[in-house]
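Let's walk through this one together, starting at a ligand and ending where two chains meet. Have the structure open as you read.

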Amino acid sequence: MKVIYTDSLVIGGGLAGLRVAIAAMQRGYDTIILSLVPAKRSHSAAAQGGMQASLGATIKGEGDDEEIHFADTVKGSDWGCDQDVARMFVNTSPKAIRQLSAWGVPWSRVRRGDREVVINGEKVIITEKDEAHGLITARDFGGTKKWRTCYTSDGAGHTMLYAMDNKAIQMGIPIHERKEAIALIHEDGVCHGAIVRDLISGELIAYVAKATTIATGGYGRLYSITTNAIISEGIGNAIALETGIAALGNMEAVQFHPTAIVPVGILTTEGCRGDGGLLLDKDGYRFMPDYEPGKKELASRDVVSRRMTEHMRKGKGVPSRYGDHLWLDITLLGRKHIEKNLREVKEICEYFLGIDPVEEYIPVRPTQHYSMGGIRTKPTGESPTLKGLFSAGEAACWDMHGFNRLGGNSVAETVVAGMIVGEFVADYCAANALNVSTSTIQRFMKQEEKKITDLLVRDFGENPFQLKAEMQKIMMDKVGIFRNGEDLSQAVEELKVLNRRAKKIALRNRISSSNPELVEAIRVPKMIKLAQCVAYGALLRTESRGAHAREDFPERNDRDWLKRTLTTWKDDSADMPEVFYEDLDVMKMEMPPGSRGYGVDNTVHHPDTVKRELEIEEIKKANPGADRFELQELLNPIPIPEKFKGKNERIGRGFK
Amino acid sequence: MDSYIIESNKKKSRLPARLDFAQSGTGLILGLFMWVHMMLIGSIILGKGSFNFVAKTMELAFLSETGHGFPIAVFFAVLTIFTLFITHALLGVRKFPISWKQHRIMRDQMQMMNHTDTNLWYVQVITGFIMFFAGSVHLYIMMTNPGSIGPYMSADRIVSGNMWPLYLVLLICVELHGTIGLYRLCMKWGWFAGKDAKKSRQALKKFKNRATIFFMTVGILALLVFIVIGINHRDKVGERYGSYVAVEQVEQVEQVQTDTAIAVPAEPQVPVVEGTLESEQAHEPEIVQEVEVTHE
Amino acid sequence: MSDQERVLKFQIFRYNPLKKGDKPRMVTYEVTEAPGMTIFIALNDIREQQDPSIQFDFVCRAGICGSCAMVVNGQPTLACRTLTSLYEDGEIKLLPLPGFELIGDLSVNTGKFMRAMSERVESWIHDTRADDVNYEKLEERMDPDVADEIYELERCVECGCCVSACATKRMRPDFLSAVGFMRLARFALDPRDKRTDDEFYEIMGDDDGVFGCMTLLGCEDYCPKDLPHQTQIAYLRRKMVLIR
Ligand SMILES: Cc1cc2nc3c(=O)[nH]c(=O)nc-3n(C[C@H](O)[C@H](O)[C@H](O)COP(=O)(O)OP(=O)(O)OC[C@H]3O[C@@H](n4cnc5c(N)ncnc54)[C@H](O)[C@@H]3O)c2cc1C
Ligand code: HEM
Ligand code: HEM
Ligand code: SF4
Ligand code: F3S
Ligand code: FES
């Protein structure tokens, strides 16, 4: 039995995983990162649009600060987020971006003087200030009041990931590539590491650690058409679920991005609309202002996706052999802008569609994009139920996104969560000894070995590729943008059947080393379980909130549903997860539930909302001289790590 | 971890930089020299007189009172070029595929990709390899016979001296190698990159191709002219061209007794037309042999 | 996108070094072409329908991550964004990238190579103050043009095409190769990196470094991200040759 010991084990080499590892290493703890692929190939690299941080250097971001970013984030989440976390996040994000700048990210900078931009379909001249010249600039993104999304042309995620990985290399952090965590080792409610399969040799290795962090990204591949990488299969979430102890939070909260190309589902960044691109229907008509006169194309993602679907249902979609789609028009931005700031988009159009977006419209359609749900953690990043298990990034339900995440808030989350959770991981390593018996490790090892041997010896059975395809189709057709009770119950039943079938997978290629079919056979049953969590959670949640839109329950219902869904899978032989809920306490909210400002407000309000609003009024009245920091302290004192407490400087206003 | 330098105080040798620079430097000089060289040789196309003028000028004839010049100048010029040539060749050899295995890989790679610039490099290696021998022979001859450049002497060397196959090979090699080399130099050091380096590269490549064709044409024409002259002059091998011939003859008679055989009256200064050559075919072949021996 | 269906013939290199007795060979598979089909789609089709053992690497399938470089009809390129309709005769020959450790079939270990490259060129900002930077304060300013220029060089996705397209690299395994030069040029350009020319010389000043490059320009011609290899290697060479 091969066992590798370390202080901190990080599963996942994306932005979140790398940043956690760096934090633990900086504090002097041995750290190993595991990744399915070389770290720089993680899906974080695909983020084109940018990272939100309220630096307020560009003229269109002037006046921006933590408060506004906080409000946008909470509103964006449809009040489903954990406001403590959102608060920590908005305070740390400017620091994160500045640190990344020192580590080498070539953020696009403000250039003094006049600049032509497209706002609301019109060419407008804006004038950047002299004193802002050379500071990190920002672009407009959906659902934000200010221009806050910092970017590097169209490669924000790529440059961030490269800087981060380079930093990890500089620090000598070992990254074990082509390794897949397939089970967590745990005993008595404490996690001790993971059983890991080497994807080249097929060998099983036990990685034993004090603290284990899961940063494996999203689970978009539960859907057949998604913008996600093909490795975004949610295995990290699944192995946490399979402990029976750790819970997954808000799994039904799945975001659809308005503009992925048809048919393959590759994303064209929100930057297209942020920079002035428009959505058109089959008549070339710009329809978004009819639905959302306020923010138009730049309404929140969930809103735009639903409006597009609605519009297509009215017969306004462009018919194609792959079903209806709409047009994204960026031709009005001009060649120069596209070739510089949206080049990746241009390349994608050229290679995959054979069109030049400078001259032609891009066929787009809402497509699965982001997983708000994930491993439920406390604000420290640790699982409330399984000690020593941490999670960060898209894999986690740290819960700053609630039921809908804002564009640009995700890569920001990965880094900020990495910084904050990393500190708590280090604290945990400091406070705990490695205390696990070999027999426990062996037990888990044996268990996984047996599963694999079973697969290799079974003569007849199910084809893993086919099971996966069936699952993806169910999710796409029945657990999509608009949901309803009937489809969802069908999906739940059908997935249950798939779950049973997945216990009888047989292989055609029966070798234990590098074997893609075996990899699939190990993953598919796990993925089906996750799909069940999503579908079941969606069926039970009889309201519409953020990305979760029930046609049969169109209103947001704070009274009954201001709570977080938690899912566990206690008994491995069961064919359904267990679902329970965690209330969000309105009386502790810095920003009590209100209207997001899209469409008609049909919210069923929570009885505490008014109470809390009055309370806040009173606190404000009682402290007339309090500045925003003092006020926030009064409204919602949060435990932010000492390192990240400081105020952030901005041009024109210093640390105010 | 901070800095490479701090960790290892050893300082890397500057030699590779110098050698690379020398390779390019010698290549550049040789490459440009060859352009000049081919233009000079090409003067034969315009007629024996022009070539003769060029040859004499090279011998710095205008400085000498006799108008005879100093063949020694040619000797030193050749020596310089020869040195550059050898230096360049030795530097170039470092880049050759050194083992059969390396050569195999190179060929595999070329076969797989069929990539122009990689193929061009291979052409350079092959032509360089050939020139190492062929060029050395030519330079050695030039160096050891500095005074022997002239329309007739050169043509005789080419035809009766059986140098033409060597020159043909050398010509093809040097034109390919030289122009490719100059193009590569621009790429290597980023010269003439302009605003759009990719476009400039296309332009330079086009220029390179044209230069090859141009110089190759000039060379081949020159060689043909030499061959024609040489064939027609086969019987009078050793005879010199132009007004200085007589003077030279005297000197040579004094020096080398066997030269008497060709102490024929000086030719008229005007370029010889074929008709006149026809009438002069009565010379003894044996003598020709003798003369050649002296020249070798 | 043509609507008429045709049958594509894929000749694929097969060899699993971990399987005893396995020998390198070319195997032909036939796939019915679909509109907009990429090599990514075709290979998955082959794996799912015909031969589940076939190995290849895709991650983003959008031409962004650099995982899927392979040799398609002799040309190193990103397979995921290569449409099958580009090949008129419908014959597509796939080989793994040469010059890297073979994992199996079309899969090669570029990750290992790239990590070693990053360590060799010390692919990070060298500034002793970078770790103690006060991130509460305004970030250090940078000229917008310089930032753009750095990004141009930072667009490399470590796909390895430039490595495989370089005959020099293949003949001399220790040659740093173009991806390393791009990385060095990127840091040499970055005002935040405080390395001196002398320090850079220590990294690349030999025949395994920039002086070993024979300007074959395969790197320039095969880089799927169109990085300016030629001008940047030339820039490094000029910079390094002048050092005393
Ligand atoms: C096309 C696209 C564009 C986007 N654009 C933006 C944007 O502009 N702005 C924004 O804020 N957000 C954007 N996002 C979202 C954002 O990129 C992701 O949410 C974020 O990068 C996730 O980072 P991560 O570190 O959590 O996970 P990832 O970067 O996905 O990394 C996951 C890591 O886990 C490893 N892993 C997975 N499973 C296992 C296992 N079982 N064992 C071992 N290792 C494992 C993988 O190898 C990988 O290294 C975009 C997302 C997509 C899909
Ligand atoms: C003895 C015969 C010669 C040999 C063996 C030889 C070999 C080579 C080789 C191997 C190269 C490639 C160097 C590299 O890739 O870095 C080269 C480059 C070059 N050669 Fe030659 N060469 C010879 C003669 C000549 C001659 C006669 C000329 C003049 C026309 C010439 C001009 C050049 C030029 C201009 C270059 C480019 C320089 C560079 O890349 O740095 N070479 N030579
Ligand atoms: C200073 C040095 C050189 C001198 C003085 C010189 C001189 C000459 C002369 C006089 C000729 C005419 C033929 C003859 O007389 O034999 C000639 C031809 C030629 N030389 Fe040189 N040469 C020199 C260097 C070189 C070099 C370095 C090369 C290439 C490697 C070269 C390649 C050739 C070729 C190919 C021809 C035949 C051209 C033709 O007829 O088209 N020469 N050279
Ligand atoms: S430089 Fe270009 S070819 Fe080379 S690894 Fe980077 S992206 Fe690939
Ligand atoms: S292909 Fe190779 S030789 Fe140099 S120019 Fe590129 S690295
Ligand atoms: S799979 Fe990412 S570039 Fe091809």
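Start with ligand 3: it has 23 residues around it, and B:H37, B:H138, B:R157, B:Y167 and B:G219 come nearest. Being "around" a ligand here takes a heavy atom within 4 Å of it. Before going on, a word on the ground rules: this is a predicted model, where local features need pLDDT of at least 70, side-chain atom pairs count only at pLDDT 80 or more, and totals for chains, interfaces and linings use all residues. Residues are numbered from 1 along each chain as its sequence is written, chains are lettered from A and ligands numbered from 1 in the order in which they are written, and side-chain values use heavy atoms, with hydrogens and water left out.

B:H37 puts a polar side-chain atom 2.8 Å from a nitrogen atom of the ligand, and the side chain of B:H138 has an N or O atom 2.8 Å from a nitrogen of ligand 3.

What about ligand 5? Among the residues surrounding it are C:C166, C:F175, C:C213 and C:C219. The shell here has 7 nonpolar, 3 polar and no charged residues.

Finally, see where chain C meets chain A. The contact (heavy atoms within 4.5 Å) takes 75 residues from chain C and 87 residues from chain A. Across this interface there are 13 salt bridges, each a side-chain nitrogen of Lys or Arg within 4 Å of a carboxyl oxygen of Asp or Glu. One to look up is A:R98 with C:E139, whose side chains meet at 2.8 Å, N to O.

Note on methods. Ala, Val, Leu, Ile, Met, Phe, Trp, Tyr, Cys and Pro count as nonpolar, Asp, Glu, Lys and Arg as charged, and the others, Gly among them, as polar. A polar contact is a pair of N or O atoms within 3.5 Å; within protein, one must be able to donate a hydrogen and the other to accept it, and residues adjacent in sequence count only if both atoms are side-chain atoms.
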